[in-house]
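Please keep the sequence and the structure in view while reading.

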Amino acid sequence: MTKFLLKKSVEMLFTLFGITLLSFFIIHLAPGKPTDILTDMNPKVTPEMRERLEKYYGLDKPIVVQYGMWLKRIVRFDFGDSFSTDRRPVWDKIKERIPITLGINVLSMILIFVVAIPIGIYSAVRRYSVFDKVTTVFVFTGFAAPSFWLALLLMILFGVKLHVLPISGITSLDYDALSVWGKIWDVSRHLVLPVFVSAIGGIAGISRYMRSGMLEVIRQDYITTARAKGLPERTVTYRHALRNALLPIITILGLSVPGLIGGSVIFEQIFSIPGMGLLFYMSVMMRDYPVVMGILTIGAILTLAGNMLADISYALVDPRVRKA
Amino acid sequence: MKSVVWTRLRRNKLALAGGIIVIMLFVVALLAPVISPYNPDEIDAGGILSPPASSHWLGTDDLGRDVLSRMIYGARISLLVGFVAVGISLIIGIIFGSVAGYYGGLADRIIMRFVDIMLSIPTFFLILAVIAFVGPGIWNIMIVIGLTSWMGVARLVRAEFLTLRNREFVLSAQSLGLSRTRIMMRHMLPNGMAPVFISAILGVAAAILVESGLSFLGLGVQPPTASWGNILTLGKSNIEIAWWLSVYPGLAILVTVLGYNLLGEGLRDAIDPRLWENR
């Protein structure tokens, strides 16, 4: 197991290096410079001032040197300072937003798990039943519906028409004055729609995979053997079939992390949630390179951590992987 | 084999429905100037944000433009984006996948590592950054979506090539002294095309979703050109007063993506022999 983890960690570091290298070059080689945004609007800026500004940001050096400098700082976990007017350290800016984005994603992962797996099992066990047919329709619709559109519809329904849920931000204006329970209640009410919207695609996907996984497993010989031994159908389904059908789901959950993180840009923008996605959107618009690189790196680390968790849990439940 | 697939596809009602939706979309996109009730860019200052009525079936937007006509023209955009983006990702994926699968060894390791790296980047972040830097616009989106979505195709082609490369017909082609490119493209690729074709159909759906998301954020197709995504942006800014700007364009995206997905999944089931016995 230790050897397995070590090998995975080395692979992960290598991938992380590749991701940062690729992102850095793509971002810095794209036409236009961050200094343009600061200077274009101002007719008083002379070319010399512009050069001085570029030098100040280190943008005048060859890109390989710039990447080297970035890398040297990053190993000490120093993401540099933001280009924006507040000049705050990038890590401080990201740090305060990680819990929000991560929290919503974890909640929606839990929701996906709790809802999708029972649906998948049940529609596999009762294949071609009314329940199976209804969920199949739901799954295909959930796959095809753009999440930001669902968000809009739910905002119209619950926020504009029924006035039962808030539609923007994660706290109300009077948040500071509320009691502890009032605060929890307030945040929960704000999170209902974002969590639901970000989970819906995953629920559709995972329940589908769960269904086909179960159908695949139920056909295997050892299930026939279990039934032939006279075990009750419940035991066969939940003891023998379920365990093996769950395996691929772990991998898929791990692989869905980048999608969830990437999707956070859209729904944080819709619901005005001050998370990493919204910060990324604003930084990209201002060409705030250090923040953009910082978020891409953190996003990649979270993705790799998700994959790693998936690999570990896979190894824990499947001895074949562990021993290999 | 072909007739078996066709029979099975025809029996799958959902796949057939998907196919019909896709064909209808092509028809609507092609006939857009004929079937649009209004000029999609015609501004009517007297009738802004009017709800659906007999004169404007799906209402008008904040400039008084007819939503139905704009959606009909939007179908052209989504078709174009879907197919060009997937075309680009197919070309890249096939080249990388076939080189990795045919040569194996170091080339394979490097390419597959690159695929892993691309798969670990939250792609939407990367797309957003690149589009924001190079500037929004339909061609930029199609290229960027294509450049960030080829990894699945590369994996599929590689897997097919790994199983094909020691088959007799490949060995005989090699001993005849055919060029490697010819063997890969003319002899091996057609044999491994079926799963690639299906993933391409599903890829069109994914590309349409990404495009609508980008347009919604204001980074995609730029107004006044109509796209389903940028009509939805208007829906958000007028959320309190004009629900029709939010409901209908999203429905169009939903139906389109559903059509491609149903067709793709149906084809996958139809060519998968493992599923043949039990239906």
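## Charges

In chain B there are 21 positive and 16 negative side chains, and the centres of these two sets lie 15 Å apart. For chain A, the mean positions of the 35 positive and 23 negative charges are 10 Å apart. Lys and Arg count as positive and Asp and Glu as negative, with His and the chain ends not counted, and each charge is placed at NZ of Lys, CZ of Arg, CG of Asp or CD of Glu.

## Basis of the model

This is a predicted model, in which local features need pLDDT of at least 70 and side-chain atom pairs count only at pLDDT 80 or more, whereas totals for chains, interfaces and linings use all residues. Residues are numbered from 1 along each chain as its sequence is written, chains are lettered from A and ligands numbered from 1 in the order in which they are written, and side-chain values use heavy atoms, with hydrogens and water left out.

## The two chains

Chain A holds 15 helices and 0 strands, and chain B holds 13 helices and 0 strands; helices (H or I, at least four residues) and strands (E, at least two) are DSSP runs, numbered from the N terminus. The C-alpha trace of chain A spans about 85 × 55 × 40 Å along its principal axes, and that of chain B about 75 × 45 × 30 Å.

Of the 324 residues in chain A, 45% are buried, while the figure for the 279 residues of chain B is 51%. Here buried means under 20% relative accessible area, exposed over 50%, and partly exposed in between (1.4 Å probe, protein chains only).

## Helix H13 of chain B

Helix H13 of chain B covers residues 244-271, and at 1.5 Å a residue its 28 residues should span 40 Å, which agrees with the 41 Å between its end C-alpha atoms; the expected span is 1.5 Å times one less than the number of residues. Because 21 of the 28 residues are buried, H13(B) is largely enclosed by the rest of the structure.

## Nonpolar cores

A nonpolar core is a set of buried Ala, Val, Leu, Ile, Met, Phe, Trp, Tyr and Cys residues joined through side-chain atoms within 4.5 Å. The largest has 138 residues, and among the members that touch the most others are Ile94(A), Phe271(A), Leu128(B) and Tyr260(B). Helix H4 of chain B (residues 67-103) gives this core its largest share, 13 residues.
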